[in-house]
Amino acid sequence: MKCYTPVIYKGLSPCKPNAIKSAVLQSEQVQYVIKQLAKEMGESPDIIQEEATEILDEMGHRMQLGAVRFFAFTLSKIFKQLFQRVCVNEEGMQRLQHAIQEHPVVLLPSHRSYVDFLMLSYLLYTYDLALPVIAAGIDFLGMKIVGELLRRAGAFFMRRSFGGNRLYWAVFAEYVKTMLRNGYAPIEFFLEGTRSRTAKTLTPKFGLLSIVMEPFFKREVFDTYLVPISISYERILEESLYAYELLGVPKPKESTSGLLKARRILSDNFGTIHIYVGQPVSLRTLASGRINRCPYNLVPRHLPQKPSEDIQEFVSDVAYKMELLQIENMVLSPWVLVAAVLLQNLPAMEFELLIEKTLWLKGLTQTFGGFIEWPDNLCAKKAVLSGLALHSNIARLADGHVVLSDKGADDGAVGEVVFRHALAVLTCATYRNQLLNVCVRPGLVAIALHMAPSFRKEEVYSCFSFLRDVFSDEFIFFPGISLKDFEEGCFLLTKCDAIQMSQQEIYPTDKGSGTVSFLSAMFRPFVEGYQLIFRYLSKEMKEAFTEKQFIPGVRNFVFQLLEKGSTQCYEALSSDMQKNALSALVQLGAVKKKKMPNGFTYHVNQEAVSKILDMFDARIPVQKPVAARL
Amino acid sequence: SSLKVAVVWQELLKWNGWGYNDSKFIFNKKGQAEFTGKRYRLGGMVLPTFKEWIEKTFGASLEHKTTSRASLNVNDVPPSVVNEEFLQDLRATKISYSQDAEDRVFRAHGHCLHEIFVLREGMFKRIPDIVVWPVCHEDVVKIVELACKHNLCIIPFGGGTSVSSALECPEEEKRTIISLDTSQMNRILWIDEKNLTACVEAGIVGQDLEKQLAESGFCTGHEPDSMEFSSLGGWVATRASGMKKNIYGNIEDLVIHIKMVTPRGIVEKNCQVPRMSTGPDIHHFIMGSEGTLGVVTEVTIKIRPVPEYQKYGSVVFPNFERGVACLREVAKQRCAPASIRLVDNAQFQFGHALKPQVASIFTSFLDGLKKFYITKVILDGLAAGEDNGQRGYMLTFVIAYLRDLGLDYYVIGESFETSVPWDRVLDLCRNVKERIVRECKEKGVQFAPLSTCRVTQTYDAGACVYFYFAFNYRGISDPIHVYEQIERAAREEILANGGSLSHHHGVGKLRKRWMKESISDVGLGMLRSVKEYVDPNNIFGNKNLL
């Protein structure tokens with residue numbers, strides 16, 4: 001049996017999971033909320049205390065070494081079955097080992113698959129590091145045996161939504177903070193909140209992050225380390241499931257039998273996993289000079305306090321920074337390049353040309369700072385072929401051409417054909433998407449060059465800035481630095497000789513027109529998709545509506561256009577894109593979002609949406625933002 | 001004459017360090033630490049474990065020594081610039097004065113680390129031009145009138161024990177700077193046994209006040225750590241705190257009446273009553289004004305019968321947390337003795353390193369036994385005897401002498417303090433100590449610093465925490481700058497942890513940068529408007545506080 005003696009936090013006061021639970025229940029924070037609620041509801045505090053105990057039992061972990069060992073053993077078998085290799089940056093593990101002893105640690109992995117946290121726990125166990133306690137969605141509890149096992153392996157559960165439930169929030173927050181303050185174990189959660197169905201990093205959620213930052217703000221701990229972790233899959237376990245989900249076919253509830261069926265998957269091959277453990281980021285360093293300490297000094301620390309505006313802004317900045325770090329350290333497989341090229345050349349692409357273009361894109365991606373797993377001695381043909389072998393469900397080679405594997409797409413009803421093709425496109429897009437955040441700054445500059453009425457810098461920047469705002473939920477941008485992003489985009493395009501810049505103008509070079517149009521084409525599905533969605537909103541949605549009404553509505557709308565053949569933008573069927581587009585309009589003020597007792601409702605300002613559409617079509621110039629520094 | 005008294009006092013004291021000339025730590029020929037002189041209990045004793053402690057704690061070595069210049073180089077001292085008309089007027093008052101270089105340098109500084117360092121190795125850019133010794137309230141009135149007439153700057157000087165750069169002369173001050181030394185105003189004017197008050201001239205130093213009151217069977221009970229040298233006027237001007245405040249109160253609780261001479265005239269109340277409701281208490285404009293408004297000349301202070309006996313005791317806790325919990329409980333039950341303090345482990349060991357050689361084998365055996373119990377018992381507090389308690393308080397008086405020894409061996413250090421609500425005491429202590437250690441590392445300090453604290457006063461709503469911080473600066477080219485950066489970082493940390501800018505050391509010029517944050521814009525404006533009314537021409541121009 002493996003001898004497991006993990007390194008621990010230097011200030012650790014050892015305690016059992018049960019002791020933690022009772023500490024949480026007895027804490028001033030939770031007791032305060034219990035008393036408050038008792039007063040408000042006219043209930044006896046004992047009843048509410050009872051409720052809190054139940055919440056805690058539902059939530060709490062029961063880490064047991066036996067379970068961990070059993071889990072590790074099983075996982076190692078399963079992983080060996082599923083994946084060819086798991087690559088880890090060793091120096092990252094060493095840094096982590098060091099960090100865990102110094103200060104409380106928060107692990108922030110990217111989230112593409114359920115495999116994420118299983119793999120990470122397994123990895124930490126293998127490297128003799130303290131197992132993290134994980135904030136996982138409560139749906140897992142449905143899986144009886146696995147849920148319990150996960151619990152014993154250190155997972156704790158949070159309800160997906162508990163917005164209104166103050167008791168739940170208080171108990172949950174205190175539970176997390178208690179573990180953090182004691183240095184009991186690293187805390188792990190996903191900034192993205194849920195698995196990204198598109199393999200594109202989701203915009204961050206702030207709730208959990210602000211909970212784990214609070215002990216530092218209140219100086220209950222000296223510092224907290226945030227560790228961004230990038231987990232890249234050559235092939236994502238849930239890829240086809242995701243495509244169905246995006247198209248609105250309801251996802252099966254997680255259940256143990258469901259997972260057992262997943263055994264079918266075990267015979268399949270999912271390639272390599274890369275795990276990059278990033279440099280631990282000191283929260284203290286990030287906060288230095290930014291946080292006004294006063295609010296925390298003037299109120300007893302156990303009282304629930306709404307974070308001040310500058311705290312909220314800080315939390316948001318940190319969240320974006322961490323996601324950008326995750327993106328920076330993602331490993332891209334050659335297949336990502338193949339998918340990006342292929343999607344621009346449907347329905348079929350000549351094999352040799354695909355190889356040539358893939359190789360070209362490899363160079364471009366590297367110029368943009370993307371990290372591609374492409375051994376020096378691997379020739380392009382082999383790389384493409386092995387990609388095709390691993391992803392035979394997505395694309396295949398037929399008569400010297402590469403085509404999408406949308407089996408049966410040609411027969412059956414028109415609707416069926418569109419659906420099958422959409423499935424194939426969305427699955428394929430999942431891989432191209434991994435490239436998008438690497439290319440987004442130069443990409444939007446490329447589109448802006450097409451959109452802007454002239455090559456004058458201000459006008460190109462105006463378009464860029466407009467696009468950046470519109471796509472602020474689609475791609476990850478650090479808040480408020482539009483100009484810097486623009487400059488970076490221009491710099492990268494200059495670096496690959498795609499554009500030239502003079503004092504006043506930016507224009508594509510002859511040599512670089514290929515690059516510029518490739519990049520615009522890469523983002524075209526988003527430009528077109530958003531236009532379709534906006535059109536739907538401006539024409540069809542006169543009344544107030546909910547998200548539940550919006551998604552099927554817009555899906556039908558796009559579906560019909562696809563059936564008629566009046567658009568080729570299959571990606572507009574993706575519910576992810578639809579939600580992002582709606583939320584972009586909310587942020588741009590073209591749609592009003594109102595909180596109602598049974599969720600949110602939306603009101604479209606038709607005029608404003610039309611205006612945005614016109615800007616897209618370059619029928620009216622984009623409003624000029626202040627660009628004094630240009 | 002009175003001037004003679006002043007000079008005698010000045011000659012008893014070190015010119016480039018703390019305290020009496022005859023009292024200091026040395027390493028004797030055997031390489032053992034020894035404390036010289038007969039003034040303290042520790043005097044003439046050998047401290048066998050101290051050398052090892054200092055080597056272990058700081059990585060210091062007796063072979064690496066720095067030496068202060070032996071005496072003041074008069075040629076380096078900035079010249080005295082005093083206009084002749086003022087001198088004529090001053091002579092007419094018959095008030096003693098001096099333009100002697102040594103007299104002026106002696107009053108150009110307090111006891112901050114950087115000030116002592118300058119004395120040992122450099123020279124101040126600006127020092128007083130003239131020292132005056134008023135002997136009574138009326139003399140002070142005359143001096144302030146003359147200063148107003150000739151537009152000169154006055155910096156009041158009491159015991160000179162400031163640790164806030166309060167006595168440093170502003171470099172940019174172009175006017176003649178008069179150091180107004182209050183030391184000759186040192187009489188007890190009367191004692192009122194019926195009301196238990198005494199009216200005392202503000203220049204009296206703490207130990208003389210207590211000695212003289214004791215002759216009549218009384219004491220004030222006000223014992224700041226500097227009480228051997230600091231003056232009554234200084235206590236008022238800085239809002240001082242005494243270690244026995246649990247029985248006697250802090251200065252604001254002790255003072256019944258204050259007389260202060262300002263450029264605008266004399267400020268005082270019309271009666272000597274325990275409390276009055278006549279708008280904001282004007283005493284609170286004076287206490288903590290740090291010499292920016294005028295000179296305190298006479299103070300009526302509460303007195304108490306001398307206590308029948310004094311007893312020390314000590315308790316050892318398994319960890320700092322338990323100790324804090326105990327202090328908190330003591331404060332809650334309001335059952336504190338005259339003074340109660342909790343030292344952390346590093347400071348406990350520090351105290352032990354100062355243990356003198358014991359005379360008999362028998363006591364040493366007992367001692368060992370005690371030690372055995374102290375290390376074995378790890379549950380709650382364990383009584384650890386009178387000796388340990390007394391040693392804790394001894395540390396208070398000798399710590400300043402120790403700094404001078406450290407300076408000889410590349411070790412520099414300082415103490416600083418704060419006050420903090422009870423629930424934040426532990427977090428603040430841990431974070432500030434950690435911050436110091438971290439900053440030292442970042443600033444290239446080779447050897448881990450001594451970073452230690454004690455909870456030194458308890459109140460209903462919080463505590464006063466006192467930090468000692470020292471490090472070995474070998475290999476660092478600008479140790480004072482590094483030191484100041486670290487001290488500033490430590491203060492930032494204190495403020496971020498909900499601690500105050502100062503509990504009793506005051507603000508001076510050292511902590512001015514944080515005043516606005518501490519008392520808000522409006523608060524600062526209120527203080528400024530008082531200053532503007534009382535001293536429109538900034539005669540009291542030491543630039544402290546505001």
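Reader: Is B:Ser165 buried or exposed?

Author: This is a predicted model. The cut-off for buried is under 20% relative accessible area. B:Ser165 has 3% relative accessibility, so it counts as buried.

Reader: What is the phi of B:Ser165?

Author: General idea: most residues other than glycine have a negative phi. Here phi of B:Ser165 is near 60°, a positive value. B:Ser165 sits in the loop between strand E6 (153-157) and strand E7 (177-181) of chain B.

Reader: Where does B:Tyr410 lie?

Author: B:Tyr410 is in the loop between helix H15 (385-408) and strand E18 (411-421) of chain B. Its phi is positive too, near 65°. B:Tyr410 has a relative accessible area of 24%, so it is partly exposed.

Reader: Which peptide bond is cis?

Author: General idea: most peptide bonds are trans. The bond from A:Leu346 to A:Pro347 is cis, with omega near 5°. A:Pro347 belongs to the loop between helix H16 (334-343) and strand E10 (348-350) of chain A.

Reader: Now a sheet. What is the strand order in the open sheet of five strands in chain B?

Author: The order is E8-E9-E13-E11-E12, and the pairing is antiparallel. Strand E8 (188-192) and strand E12 (265-267) of chain B are the edges, each pairing on one side only. From one strand to the next, the twist averages 10°.

Reader: How many bridges join E9 to E13 in chain B?

Author: Five bridges link strand E9 (residues 197-201) to strand E13 (residues 295-302), both of chain B. In one of them, B:Thr197 has B:Lys302 as its partner.

Reader: Which helices lie across these strands?

Author: Among them is helix H6 (residues 137-150) of chain B, which lies across E11, E12 and E13 of chain B, at about 35° to E11(B). Helix H7 (residues 206-215) of chain B lies across E8 and E9 of chain B, at about 45° to E8(B).

Reader: Last, the interface. How much area do chain A and chain B bury between them?

Author: General idea: interface size is often given as the accessible area lost when the parts come together. Chain A and chain B bury about 1400 Å², with 32% of it on carbon and sulfur atoms. A:Arg219, A:Phe222 and A:Arg293 supply 50% of the area that chain A buries against chain B. In contact are 14 residues of chain A and 16 residues of chain B.

Reader: How many salt bridges cross the interface of chain A and chain B?

Author: Five salt bridges are found there. A:Arg284 and B:Glu493 meet in a salt bridge through their side chains, at 2.6 Å, N to O. Eleven residue pairs are in polar contact across the interface of chain A and chain B.

Key:
Residues are numbered from 1 along each chain as its sequence is written. Chains are lettered from A and ligands numbered from 1 in the order in which they are written. This is a predicted model: local features need pLDDT of at least 70, side-chain atom pairs count only at pLDDT 80 or more; totals for chains, interfaces and linings use all residues. Side-chain values use heavy atoms; hydrogens and water are left out. Two strands pair if DSSP finds at least two bridges between them. Helices (H or I, at least four residues) and strands (E, at least two) are DSSP runs, numbered from the N terminus. Axes are lines fitted to C-alpha atoms, for helices over the stretch in contact, and angles run from 0 to 180 degrees between N-to-C directions. Contact means heavy atoms within 4.5 Å. Buried means under 20% relative accessible area, exposed over 50%, partly exposed in between (1.4 Å probe, protein chains only). Buried area is the accessible area (1.4 Å probe) that two parts lose on being put together, summed over both. A salt bridge is a side-chain nitrogen of Lys or Arg within 4 Å of a carboxyl oxygen of Asp or Glu. A polar contact is a pair of N or O atoms within 3.5 Å; within protein, one must be able to donate a hydrogen and the other to accept it, and residues adjacent in sequence count only if both atoms are side-chain atoms.
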